[in-house]
Amino acid sequence: MEEEIEKLQMELCNGTYSPGGYRVFRIFDPKERDISVAPFRDRVVHHAIHDVIELDIDKKFIFDSYACRRGKGTHAAVDRAQKFLRATKYCLHGDIKKYFPSLEHCVLKRLLRRYIKDMDVLNVLDRIIDQAGGNIGVPIGNLTSQFFANVYLHELDRYVKHELKCRYYLRYMDDFLVFADDRSYLFDMRLKIKGFLVERLNLILHESKSQVFKNVNGITFLGFRLFEKRRRLASSNVNRVRQRIKGWMLSKQASKQASKQASKQALSPY
């Protein structure tokens, strides 16, 4: 491993580093997605470069961005959402259609150059982005992809917070919430956000998943159903857990039956 590290360091220093190919597999829980796994040596590079650039760029992010950030995460996002829910009457729940496959490479590279000036670092990042192939999309599964996704939608955060002056807004990756007391205001916000995403980031708002709700009826966010004074797991998550338990029990039962059958065959004189 030491020899590989030294070789990798030399490639990075002399500019000859080239990422390898991805191993791709498909998952169906909770929805169908293709997961891309980079070679181990590339993952070493991903973590190394992320550790260098993340701290400085993270300082530019808004407070209420919660995905893949130190001191943030799912539960902090849910706590904040419930606090905003208590303070308002309505919520716009927004979602980006096919987010990771829709990130445009040229836009992402331009945004990274806003925060990073070291050309050696940028060259490595460009190669990681280009390794995905084509001119659009980053692979789900990379640490760098999660970071790129946050940089990309930070533009939306800035627009909503600084230009639209929205007080109650938070985002977890491509899942975002806007709260207000005025229902018509949220419909107007949805229209403005939709236009911004298309014009500035070439992204499409998922129409069927981007709706305005009454807070009193509860909202579903990050696997939870949130109400003013309580929260519970979303029904879809409960059903998924039940299906997994059922699958484990069936698998265990089949394993026991196979073991008994094997024992019988071993004891049989014929």
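Student: Let's start with H46: which helix does it lie in?
Tutor: A heads-up before we start: this is a predicted model, where local features need pLDDT of at least 70, side-chain atom pairs count only at pLDDT 80 or more, and totals for chains, interfaces and linings use all residues. Residues are numbered from 1 along each chain as its sequence is written, and side-chain values use heavy atoms, with hydrogens and water left out. Helices (H or I, at least four residues) and strands (E, at least two) are DSSP runs, numbered from the N terminus. On that numbering, H46 sits in helix α2.

Student: Is H46 buried or exposed?
Tutor: Accessible areas come from the Shrake-Rupley method with a 1.4 Å probe, and for residues only the protein chains shown count as cover. Buried means under 20% relative accessible area, exposed means over 50%, and partly exposed is in between. H46 has 2% relative accessibility, so it counts as buried.

Student: And how many Å separate the C-alpha atoms of H46 and Y168?
Tutor: Along the chain, H46 and Y168 are 122 residues apart.

Student: How many salt bridges does a search of the whole structure find?
Tutor: Side chains of opposite charge can pair when their charged atoms come close. For a salt bridge, a side-chain nitrogen of Lys or Arg has to be within 4 Å of a carboxyl oxygen of Asp or Glu. Searching the whole structure that way gives a count of 16.

Student: Which residue meets D58 in a salt bridge?
Tutor: The N to O distance in this bridge is 2.7 Å. The pair links distant parts of the chain, 11 residues apart, with D58 in helix α2 (residues 40–58) and its partner in the loop between α2 and α3 (74–87). Both side chains belong to buried residues, and the partner of D58 is R69.

Student: D157 and R171 form a salt bridge too, so how many residues apart in sequence are the parts they tie together?
Tutor: The closest N and O atoms of D157 and R171 are 2.9 Å apart. D157 is in helix α7 (residues 143–163) and R171 in strand β4 (residues 168–172), so the bridge ties together parts separated in sequence by 14 residues.

Student: Are D157 and R171 buried or exposed?
Tutor: D157 has 0% relative accessibility, so it counts as buried. R171 has 0% relative accessibility as well, so R171 also counts as buried.

Student: Which helix holds both K192 and D188?
Tutor: Their side chains meet in a salt bridge at 3.2 Å, N to O. K192 is partly exposed at 38%, and D188 is partly exposed at 31%. The two are four residues apart, about one turn, and both lie in helix α8.

Student: What kind of pair do Y99 and F100 make?
Tutor: Y99 is buried at 3% relative accessibility, and F100 is buried at 14%. Their ring centres are 5.6 Å apart and their planes are at 70 degrees, so the pair is edge-to-face.

Student: What about the rings of Y169 and F176: what kind of pair is that?
Tutor: Y169 is buried, with a relative accessible area of 0%, and F176 is buried at 1%. The ring centres of Y169 and F176 are 6.3 Å apart with planes at 40 degrees, so this pair is tilted.

Student: How far apart in space are I96 and M173?
Tutor: I96 is in the loop between β3 (90–95) and α4 (99–102), and at 2% relative accessibility it is buried. I96 and M173 are 77 residues apart in sequence, yet from C-alpha to C-alpha the distance is 9.4 Å.

Student: What is the area of the nonpolar surface patch made by V241, I245, W248 and M249?
Tutor: Patches are made of residues with over 30% relative accessible area and no salt bridge; like charges are joined within 9 Å, and nonpolar side chains (Val, Leu, Ile, Met, Phe, Trp, Tyr) within 5 Å. One of the members, W248, lies in helix α9 and is exposed at 60%. The patch covers about 450 Å².

Note on methods: Buried < 20%, exposed > 50% of the residue type's maximum accessible area, 1.4 Å probe, protein only. Phe/Tyr/Trp six-rings, centres within 6.5 Å; stacked < 30°, edge-to-face > 60°.
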